[in-house]
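Subject: Structure for you to look at

Hello,

Here is the structure I promised to hand over. Please open it next to this email and follow along.

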Amino acid sequence: MTVYLDNAATTYPKPSSVYRAVRHAMEEIGATPGRGAHRRAREASAVVSSARRKAAALLGIPDPDRVIFTKNATEGINLVVKGWLRPMDHVVLSSVEHNAVVRPMERLSREGVRVTRVRCSQGGRLDLDAFRDSLDPPPRLVVLTHASNVNGCLQPVEEAAGLCAERGIPLLLDGAQTAGIQPISVNDLRLGMFACSGHKGLLGPPGIGILYVRSDLDVLPLVEGGTGSLSEEALQPEYCPDRYESGTPNLPGIAGLAAGIDFVMEREIGSILKHELALATALDERLQEIPGVKVFKPDVRGTGAVSFVVEGLNPADLAHILDAGFDIAVRAGLHCAPLAHQTLGTFPEGTVRVSPGYSTTMEEIEYFIGSVQTIIAARR
Ligand code: ALA
């Protein structure tokens, strides 16, 4: 049985209720939501409406109609930055952002958008003084990851969001690594936008994500087309979520996501976070006791993602040995976040990333540590 320690990429296994919900949507409902009046179409619409209410409740989104279903966090981020920024605008981001932010920004910068990357410490935490300075004069947008996908470093999001809100600057928070794990209230943080995937901490299937855009922000849609509403009009409806949701929705994905959110909400608040942090702390401590291992600890740990390297052993080779020899799944390399690795000082080789999830046990962590010790001992 694989010891799966790649939950920062996608959580596995999902709760059995998630598999059942996906199957139910495919086999028992089968119709398209919002596109017909027959019983199955109405059932499909009810699943989608209920999923919006659950997502809004979990994430502190004031109005369920502002919950926009996307393909993933990357699509949500692309929608916002391309629908909001114009040439000559100024945007501020941190030096640990994922390529989901860095790549669209790089393209926009070639079209005249000015991009400021605010430095983070070597542990990955935003320098708040430098951040405050970057907000004067106010940029048109700030984009900040809630926690690094490389080493789990949590950003000072309350402080950063407060500084943005005081100045009327919309903040797009990237919650890909934290939704379902860290407490998040879009409303309390006064966020302009929020994007996350459904297949990580929210325990849903891949191919579904959530985006929130505050009602006063006129963000253009990325895709236009059929919405099942105002079909007689040539232009896309202006209201949410139809403005941003064109084409047949991913009903199995939305149904599975709703079941994942139920699973998270049925647990005591903070219990998944506490479990993952306990496992990550054990990993941090046990790994750094092994001679030849260097752990890239975060300044403030926000998720279970732990990054390390072994002296003289390429991260990709170590991940391969763990997979082939010990049936342990981890991710090696740059984790689609070269900027974060530059900040941590691990570019270009990257690291081995171990990321326990809600169902990982301490025995699995012990097995992983023992396997790393065995691999290192065999090389002496
Ligand atoms: N962004 C995902 C990861 O960190 C895929 O692995």
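Predicted model: local features only at pLDDT ≥ 70, side-chain atom pairs only at ≥ 80, totals over all residues.

The domains

Start with the whole chain. On the domain 1 side, 35 residues are in contact with 37 residues of domain 2.

The ligand

Now find the ligand. Which residues are around the ligand? They are Ala8, Ala9, His98, Asn149, Gln177, Lys200, Arg331 and Arg353. Sorted by class, this shell has two nonpolar, three polar and three charged residues. Domain 1 (3-12 + 268-379) and domain 2 (16-267) each give at least three residues to it.

Three side chains are worth a look. Take Arg331 to begin with: an N or O atom in its side chain is 2.5 Å from an oxygen atom of the ligand. For Arg353, a polar side-chain atom lies 2.6 Å from an oxygen atom of the ligand. For Asn149, the distance from a polar side-chain atom to an oxygen atom of the ligand is 2.8 Å.

How much of the ligand does the protein cover? On its own, the ligand has 220 Å² of accessible area, and the protein covers 82% of that.

The cavity

Last, look inside the protein. The count gives one cavity of 30 Å³ or more. The largest cavity holds about 110 Å³ of space. It is lined by 15 residues, and those closest to its centre are Asn7, Ala8, Gln177, Ile181 and Glu276.

What classes of residue make up the lining of the largest cavity? There are five nonpolar, eight polar and two charged residues. The lining, too, draws on both domains: at least three residues come from each of domain 1 (3-12 + 268-379) and domain 2 (16-267).

Best wishes

How values were computed
Residues numbered from 1 in each chain as written. Heavy atoms only, no water. Near = heavy atom within 4 Å. Polar contact = N/O pair within 3.5 Å; in protein donor to acceptor, adjacent residues only side chain to side chain. Areas by Shrake-Rupley, 256 points an atom, 1.4 Å probe, with all protein chains shown as cover. Nonpolar A, V, L, I, M, F, W, Y, C, P; charged D, E, K, R; others polar. Domains from an automatic or database assignment. 1 Å grid on protein atoms, 1.4 Å probe; cavity = no way out; pocket = protein on both sides within 12 Å on 5 of 7 lines; lining within 4 Å. Points joined across faces, edges and corners; volume = space filled by probe spheres on them. Contact = heavy atoms within 4.5 Å.
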